[in-house]
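Thanks for coming, everyone. Please look at the screen while I bring up today's protein.

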Amino acid sequence: NAASCSQADVQSAINSAASGDTVIVPAGNCTWTAAAWTASVSIPSSKKIVLLGAGMDSTVITVAVADTVIDMTTSGSRVTGFGFVGGGMILVDGDGWRIDHCKFYNTSFANSIRARGTRDGLHPTGLIDNNSFHNGRVTVVLGAMLYERNWQHQVWAKPLNLGSTDN
């Protein structure tokens, strides 16, 4: 369990967790910050965990800068039960991840979730469900090397495969 919803306490709980653990973040209103091009909180690729807030209106994270609030890397983790205010974005790659039951309230139109494919020829696969977005969007992008091959368009041309890991 994280001692509070503070950025330091949540990162400490993530660092202490083992793959398969659930990190429980208590209710509260906290402000997280990040330096340019870094995340406020990061889940290592080697840990598949559940990051569980107390509910989208109970564990509310205000983001001081419109940047990445949680970097899920290629961990295949789940983030659920958080409210994000101010323009923070969850960044994810890899397979088997889930982002659900979160609220994204951006003060100006911004990315709320970015599924970023950095693996050559492989698109991120996961589930985004039961979220609420205000002035936000979900984007799927691929790394610069992949743009040169026009692979970024393939993800949109694939069948939906509703109910599968591809949707």
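Which residues does V60 touch, not counting residues up to four places away in sequence? Keep that in mind for a moment. First, a caution: this is a predicted model.

Now the answer. V60 touches G28, N29, C30, G83 and V85. Let's see where those contacts come from.

V60 is found in strand β5, which covers residues 59–63. Look to one side of that strand. β2 and β5 run parallel, and 5 bridges join them.

Now look at another partner. β5 is joined to strand β8, residues 83–85, by 3 bridges, and these two run parallel as well. One of the pairings here puts T62 with its bridge partner V85 in β8. And take V60 and G83. In sequence they are 23 residues apart, yet their C-alpha atoms are 4.4 Å apart in space.

Is V60 buried or exposed? Its relative accessible area is 15%, and the cut-off for buried is under 20%, so V60 counts as buried. The strand around it is mostly covered too: 4 of the 5 residues of β5 are buried.

That takes us to the inside. In soluble globular proteins, nonpolar side chains tend to be buried together. Here, the largest nonpolar core has 30 residues. Which of them have the most contacts inside it? They are L51, I70, M72, F84 and I90. Several elements contribute. α1 (7–16), β2 (28–32), β5, β6 (68–71), β9 (89–92), β10 and β11 (103–117) each supply at least two residues of this core.

Leaving out residues up to four places away in sequence, its contacts include V69, I70, M72 and V79. I90 also touches F84, I99 and F104, among others.

Next, the rings. A pair of aromatic rings is described by the distance of the centres and the angle of the planes. How many aromatic pairs does a search of the whole structure find? It finds 3. Take F82 and F84: they are stacked, at 5.7 Å centre to centre, with 15 degrees between the planes. Both F82 and F84 are buried.

Then there are F84 and F104. Their ring centres are 5.4 Å apart and their planes are at 25 degrees, so this pair is stacked. F84 lies in strand β8 and F104 in strand β11, so the pair ties together parts that are 20 residues apart in sequence. F104 is buried, like F84. Put together, ring pairs link F82, F84, F104 and F133 into a cluster.

Strands of a sheet pair through backbone hydrogen bonds, either parallel or antiparallel. In this sheet, 5 strands follow the order β1-β4-β7-β10-β12, and the pairing is parallel. Which strands stand at the edges? β1 (22–24) and β12 (125–129) do. Each has a single partner strand, so one side of each is left without a neighbour in the sheet. On average, neighbouring strands here are turned by 10 degrees against each other, direction ignored.

Strand β10, residues 95–100, pairs with β12 in the parallel sense over 5 bridges. In β12, D129 is the bridge partner of D100.

That's my tour. Over to you.

Definitions and conventions
Residues are numbered from 1 along each chain as its sequence is written. This is a predicted model: local features need pLDDT of at least 70, side-chain atom pairs count only at pLDDT 80 or more; totals for chains, interfaces and linings use all residues. Side-chain values use heavy atoms; hydrogens and water are left out. Two strands pair if DSSP finds at least two bridges between them. Axes are lines fitted to C-alpha atoms, for helices over the stretch in contact, and angles run from 0 to 180 degrees between N-to-C directions. Buried means under 20% relative accessible area, exposed over 50%, partly exposed in between (1.4 Å probe, protein chains only). Contact means heavy atoms within 4.5 Å. A nonpolar core is a set of buried Ala, Val, Leu, Ile, Met, Phe, Trp, Tyr and Cys residues joined through side-chain atoms within 4.5 Å. Rings of Phe, Tyr and Trp (its six-membered ring) pair if their centres lie within 6.5 Å; planes under 30 degrees apart count as stacked, over 60 as edge-to-face and the rest as tilted.
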